[in-house]
Amino acid sequence: MIKVYFSMQPISLDNMLINEIQLGTGLNQAVESGRRADFSLMLALLSSELMENTPQDNEPEQIQTEQQLRAYFELPSPQPLTTSEHCYQRSADQAKAFHESGIASTRLLHGLQPTALTFPAENTKGLPEDLFHNLSVHERRKLPPEEPRPISASPKNLYTSLIHAKRTSELYHAA
């Protein structure tokens, strides 16, 4: 085992020097007194591994979800984009609050229980509401009875599902 002494402090070569703080004031004293050989030796003893010299945080960053942040800051749920089962009752309550107390109570109620941004038309067979109401009764009868659904076909019975879809399409176009 080789030991080198700088300013009466033993430094073992078995223990790798990671940064200049481990050298103490020896590095500064070598610079001030002009001892170039000591300064060069001390720099040579330092590790050249960049990962050892770079400070690193070992704690993994915790990614917080939106729900965790809402719970931490005690925020209500976000405003829904389309209607849900509660939106119609909430909008009726807000309209009642507007007529009874004014805009301030309506804004407060909307902040506490937000309603949906859009209220799409219901029972219009997937058509816009103004277009559906402009159709005659005979034209409405020709529309398919249900809103279009995606075909839920498995690879095993794909042929049967395609035949069924073709027959259903022929029935509605013939009427």
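Rings of Phe, Tyr and Trp, the last taken by its six-membered ring, are treated as a pair if their centres lie within 6.5 Å, with planes over 60 degrees apart counting as edge-to-face. By this rule the count comes to two aromatic pairs, and one of them, formed by Y72 and F73, is edge-to-face, with 4.9 Å from centre to centre and 80° between the planes. The structure is a predicted model, and its protein chain has nine helices and two strands, which follow the pattern β-β-α-α-α-α-α-α-α-α-α when read along the sequence.

**The chain as a whole**

- Of the 175 residues in the protein chain, 14% are buried.
- Among the contacts in the protein chain that have a separation of 6 or more, 45% are accounted for by residues 24 or more positions apart.

**Aromatic rings and a charge over a ring**

- Y72 and F73, the partners in the edge-to-face pair, are both exposed.
- The ring of F132 has the charged end of R140 sitting over it, at 4.8 Å from the ring centre.

**Salt bridges**

- Side chains of opposite charge can pair when their charged atoms come close. With a salt bridge taken as a side-chain nitrogen of Lys or Arg within 4 Å of a carboxyl oxygen of Asp or Glu, the count comes to three.
- R35 and D38 form one of these salt bridges, in which the closest N and O atoms are 3.0 Å apart. D38 counts as partly exposed because its relative accessibility is 25%, and R35 likewise counts as partly exposed, at 36% relative accessibility.
- E66 and R70 form another salt bridge, and here the closest N and O atoms are 3.3 Å apart. Both residues belong to helix α4 (residues 66-72), where they are four residues apart, or about one turn of the helix. E66 is classed as partly exposed because its relative accessibility is 48%.
- R167 and E170 also meet through their side chains in a salt bridge, at 3.5 Å from N to O. These two residues lie in helix α9 (residues 158-174) and are three residues apart, again about one turn of the helix. R167 is partly exposed, since its relative accessible area is 48%, and E170 is partly exposed as well, with a relative accessible area of 39%.
- An α-helix has 3.6 residues a turn, so residues three or four places apart point the same way.

**Helix α1 and its two sides**

- In helix α1 (residues 26-33), the buried residues are G26, L27 and A30. Seen down the axis of α1, these buried residues fall within an arc of 105°, and they therefore line one face of the helix.
- The buried residues of α1 pack against α2 (36-45), whereas the face of α1 turned away from its buried side carries the exposed residues V31 and E32.
- After α1 comes G34, a residue whose phi is positive, near 80°.

- When the neighbours within four places in sequence are left aside, the residues in contact with T106 are Q94, A97 and F98.

- Most residues other than glycine have a negative phi. E74 is not a glycine, yet its phi is positive, at about 55°.
- E74 is found in the loop between α4 and α5 (87-101), and this residue is exposed, given that its relative accessible area is 71% and that the exposed class begins over 50%.

Key
Residues numbered from 1 in each chain as written. Predicted model: local features only at pLDDT ≥ 70, side-chain atom pairs only at ≥ 80, totals over all residues. Heavy atoms only, no water. Contact = heavy atoms within 4.5 Å. Phe/Tyr/Trp six-rings, centres within 6.5 Å; stacked < 30°, edge-to-face > 60°. Buried < 20%, exposed > 50% of the residue type's maximum accessible area, 1.4 Å probe, protein only. Lys NZ or Arg CZ within 6 Å of the ring centre and 35° of its normal. Arc of directions from axis to C-beta.
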